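Colleague: Hi! Could you walk me through this model before I start working with it?

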Amino acid sequence: MAAPKITLYTSYSCPWAHRAQVVLRELNLDFETVIIDLSVPRSAEYLAVNPRGLVPALAYNGEILTESSVISQFLVDAHPSHLEKTSSEPGGAFQRAKINFFVDTYFSKVHGLTFVAWRAEKGPEKDEAAKKVVDAIVKDIEPLLKVCLFLNPIHCEHTSHASEAVIS
Ligand SMILES: N[C@@H](CCC(=O)N[C@@H](CS)C(=O)NCC(=O)O)C(=O)O
C-alpha cells in the first residue's frame, strides 16, 4: 500500500493537537505540518479545512478529519500496529472499550481539575488545586491501570504510579 499523504494542521501549544501528533509519531507515519496561529482569527483557507476553526485537523489523502479523538481512532484503525488491536481481532473490541473508558475517566474526572490548578494563584490556592488533581488520579485513574493488562506493556511501564508522574 502506498504511503498516505498526511497533513496535520496544528499548534504546538495545543494538547489536543499533541494527541494527534503523538499517534502519528507512534505509528511512524510521515506527515507534513501546517502551523495554525491561534492568536489571530482563522483564515478563510483554514475555515475551509475545519469550519469549527479548531486544531487539530488532519488531511489524509485529501480527506479532512477533525477532532483529536476521531483523528486518533481513525489512524489506529487505518494503520494496524502493535499499539492497539483492531476491533475485529479476538479481544480487540473489548480492549478498545477498556481504553475508551480509561480515556473517558481521565477527561471526566481529572482533566478539568488540571485547568483549575493551572489557573490558580501561586500559594495555598494552587497547592490545594494541585492536591485535588492528585487525589482524583489516585481515586479514579490508578485503579484503572490494570487496564494495562489489555495493552502493550510500552503504554504501562512508566505509568504504574500515575500520581508520582503528576507530582514530579
Ligand atoms: N475537542 C477538540 C478540541 C480542540 C481545541 O479546543 N483546540 C483549541 C486549541 S487547544 C483551538 O483550536 N482553539 C482555537 C480557538 O479557540 O480559537 C479536539 O479534541 O480536537
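Predicted model: local features only at pLDDT ≥ 70, side-chain atom pairs only at ≥ 80, totals over all residues.

**A chat about the fold**

Colleague: Thanks. What is the phi of N61, given that it is not a glycine?

Modeller: Its phi is positive, about 50°. Most residues other than glycine have a negative phi.

Colleague: And is N61 buried or exposed?

Modeller: N61 is exposed, because 10 other C-beta atoms lie within 10 Å of its own and a residue with 12 or fewer counts as exposed.

Colleague: Where is E67, then?

Modeller: E67 is in the loop between strand 4 and helix 3. E67 also has a positive phi, about 75°, without being a glycine. With 17 other C-beta atoms within 10 Å, E67 is partly exposed.

Colleague: Let's zoom out. How many helices and strands are in the protein chain?

Modeller: The protein chain has six helices and four strands. Along the sequence they follow the pattern β-α-β-α-β-β-α-α-α-α.

Colleague: What share of the residues counts as buried?

Modeller: It is 13% of the 168 residues of the protein chain. As for contacts with a separation of 6 or more, 56% of them are between residues 24 or more positions apart.

Colleague: Now the ligand. Which residues surround it?

Modeller: The ligand has C14, W16, L38, G53, L54, V55, P56, E67, S68 and S69 around it. By class, that shell holds six nonpolar, three polar and one charged residues. E67, with its positive phi, is one of the residues in the shell.

Colleague: What kind of peptide bond joins V55 and P56?

Modeller: That one is a cis peptide bond, with omega about 5°. Most peptide bonds are trans. P56 belongs to the loop between helix 2 (44-49) and strand 3.

Colleague: Where does L54 lie?

Modeller: L54 lies in the loop between helix 2 and strand 3. L54 counts as partly exposed, with 19 C-beta neighbours inside 10 Å; the cut-off for buried is 20 or more. From C-alpha to C-alpha, L54 and T66 are 8.3 Å apart in space and twelve residues apart in sequence.

Colleague: On to helix 3. Which of its residues are buried?

Modeller: In helix 3 (residues 68-78), the buried residues are S68, I71, S72 and L75. Looking down the axis of helix 3, these buried residues fall within an arc of 95°, so they line one face of the helix.

Colleague: Why would spacing like that put residues on one side of an α-helix?

Modeller: An α-helix has 3.6 residues a turn, so residues three or four places apart point the same way.

Colleague: And what covers the buried residues of helix 3?

Modeller: The cover includes helix 1 (15-26), strand 3 (57-60) and strand 4 (63-66).

Colleague: At what angle do the axes of helix 1 and helix 3 cross?

Modeller: They cross at roughly 5° and come within 9 Å. That makes helix 1 roughly parallel to helix 3, because angles under 35 degrees count as roughly parallel. At the contact, W16, A17, R19, A20, V23 and L24 from helix 1 meet S68, I71, S72, L75 and V76 from helix 3. By class, this contact has eight nonpolar, two polar and one charged residues.

Colleague: How about helix 4 and helix 5? Are they roughly parallel or roughly antiparallel?

Modeller: The axes of helix 4 (residues 92-119) and helix 5 (residues 124-141) come within 8 Å and cross at roughly 170°. Helix 4 is therefore roughly antiparallel to helix 5. Helix 4 brings T105, Y106, K109, V110, L113, T114, V116 and A117 to the contact, and these meet K126, A129, A130, K132, V133, A136, I137, D140 and I141 in helix 5. By class, there are eleven nonpolar, two polar and four charged residues in the contact of helix 4 with helix 5.

Colleague: Where is K98 found?

Modeller: K98 is found in helix 4. K98 counts as partly exposed, with 18 C-beta neighbours inside 10 Å. The C-alpha atoms of K98 and L144 are separated by 9.1 Å, while the two are 46 residues apart along the chain.

Colleague: Last one: where is K5?

Modeller: K5 lies in the segment before strand 1 (6-10). K5 is exposed, with 12 other C-beta atoms within 10 Å.

Methods
Residues numbered from 1 in each chain as written. Axes fitted to C-alpha atoms, helices over the stretch in contact; angles between N-to-C directions. Helix = DSSP H or I, 4+ residues; strand = E, 2+ residues; numbered from the N terminus. Parallel < 35°, antiparallel > 145°, perpendicular 65-115°, else oblique. Contact = placed C-beta atoms within 7 Å. Nonpolar A, V, L, I, M, F, W, Y, C, P; charged D, E, K, R; others polar. Near = placed C-beta within 6 Å. Arc of directions from axis to C-beta.
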